Amino acid sequence: MKYLMLINAALDADGAPTGCSTPEDWMLFDKSLKESGVYVAGNSLADFTTAAAVRVDERGERIVTDGPFAESREVLGGYFVVDVPDFDVALDWAARCPGARDGGSIVVRPLASYGD
Amino acid sequence: MPERAADASIEMVFREERGLLLAALVRRFGDLDLAEEVTSEAIEAALVRWPVDGVPPKPGAWLMTTARRKAVDRLRRDQAYAARLAVLQVEADRAAPAPSPDGELPDERLQLFFTCAHPALPAEDRTALTLRCLAGLTTPEVARAFLVPSATMGKRIVRAKNRIRMARIPFRVPDADELPGRLPGVLQVVYSIFTEGYAASSGPDLQRLDLAEEAIRLARILRRLLPAEREVAGLLALMLLVHARRDARTGRDGDLVLLDDQDRGRWDRAMIEEGAALVVAALTGGPPGLYGVQAAIAALHDEAPDVASTDWPQIVALYDVLRGLAPSPVVELNRAVAVAMRDGPAAGLALLDALSDEPRLREYSPFPAARGDLLSRLGRLTEAASAYRDALALAGTEPERAHLRRRLTECSTP
């Protein structure tokens, strides 16, 4: 069963991520996901100030605004997709992710399977 | 109608069997819905057959065989369902234990406890599922426990089961290294069932004993399944030691009788003895746990012949341990009351007044009620009356309000 792990970083008062994990921490985590065969996909996102949101209104007009995160205390910093036997195993991997520390959180969501 | 009475007692027997059977079927088929469906069908079949054919020599095995046959039938009828479950079953079989040689059901309920109390489920769903799947209550009974319409509870249980299936929350006992993180969640569910039963937060009756007794029954099951876990012993001890006072806690008209005024001759001595023995088990062999310490406090109350000769210094010392384990304004409130008993009402009142800015106590009726009590003992009756009026506005049950009104009258007419 596949699960999406959304990596949310906490922001300090100046809007900078509070995390203090190092690139080595992330490389180690990435490596252990791949070596245990559960890794499906994963990416880290560029700085959230580069984000834009697109909506199309009822007249078909395109409305582009800058990132919707200005007021947010947390920002999506990346994601992984893992394939594991059950929810508890997914939660175990989330707990090992460096992004779960320093005020950050990992939201774990099962991918819908339409075979049901 | 003797037949109906016989049916009722058979259903009570099934309440215990139900959880065992359900857990074994969940283990086998990896699906709570299917397991529930065929558990009910097997019990219905037993209700029809046993009065005619007699109770089989191994009732558990009979029920299991019947339920399994019905599950296989269902899977044959519904191929898509079967295909989906097949994936799960491979994994369930891998973990399945060998059948016991006497053909009786192995007790698989522990894994079901952990599934029902899974932290990914909302707290209310955990309690509802535990009552439904492990206590064996019917959906209308669970609905009554929550004071919600049956249809609402039915929907909530279906939603919770869907959540377990869609997220694939597993049916398994956490490994030894995860257990300390997960067991408190299971104990919390059982304790919340107890506290709801003991002091119903709303409604006309102060106590709903059936819920308290269900919680004790669930804790007994956990105690058998996890004999080495001291906090399980502590939780069971705490509930027994509190429940032992049930008869003395309400007066003739269903009104609340406080600990001070209870007729201690009506306390259940056998239950106190059982609880006290469990306190010893809970507090030996390691650092004290939350439930163990609370049980020790309850034991000191239960073993004292009256309020005055209660070992208040020891109770204050236990609250000191408790505030170290789990600091909270409610613990501080209870400690302040114990200090008032040890050192006099003025000392207790000073501690209470230091808590008056606590947001969590602002809407908590025992806080102004305790202030009212200490103020009236100090002879400050006008302030006491005002505190009792605050408590009255917050109290959730009618017996609690009746008690506060009596205290208020005592302050107003010295």
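**Exercise 1.** Into which domains is chain B divided?

*Solution.* The structure is a predicted model, in which local features need pLDDT of at least 70 and side-chain atom pairs count only at pLDDT 80 or more, while totals for chains, interfaces and linings use all residues. Residues are numbered from 1 along each chain as its sequence is written, and chains are lettered from A and ligands numbered from 1 in the order in which they are written.

Step 1. Chain B consists of domain 1 (1-96) and domain 2 (109-226); such bounds come from an automatic or database domain assignment.

Step 2. The contact between them takes 13 residues from domain 1 of chain B and eleven residues from domain 2 of chain B. Two residues are in contact if their C-beta atoms, placed from the backbone, lie within 7 Å.

Step 3. On the side of domain 1 of chain B that touches domain 2 of chain B, helix H1 (2-29) and helix H2 (32-53) of chain B each supply at least two residues. Helices (H or I, at least four residues) and strands (E, at least two) are DSSP runs, numbered from the N terminus. H1(B) gives the most to this side, with eight residues.

**Exercise 2.** Describe the side of chain B that touches chain A.

*Solution.* Step 1. Eight residues of chain B meet seven residues of chain A in this contact.

Step 1. Helix H4 (79-95) and helix H8 (150-167) of chain B are the elements that give two or more residues to the chain B side.

Step 2. By class, that side has five nonpolar, no polar and three charged residues. Ala, Val, Leu, Ile, Met, Phe, Trp, Tyr, Cys and Pro count as nonpolar, Asp, Glu, Lys and Arg as charged, and the others, Gly among them, as polar.

**Exercise 3.** Which residues of H3(B) are buried?

*Solution.* Step 1. Helix H3 (residues 59-77) of chain B has 19 residues and reaches 27 Å from its first C-alpha to its last.

Step 1. The buried residues in H3(B) are B:Leu63, B:Met64, B:Thr66, B:Ala67 and B:Ala71. A residue is buried if 20 or more other C-beta atoms lie within 10 Å of its own, exposed if 12 or fewer, and partly exposed in between, with C-beta atoms placed from the backbone.

Step 2. Seen down the axis of H3(B), its buried residues fall within an arc of 165 degrees (taken from the directions from the helix axis to the C-beta atoms), so they line one face of the helix. B:Asp73 and B:Arg76, on the other side of H3(B), are exposed.

Terms used
Expected span 1.5 Å × (residues − 1).
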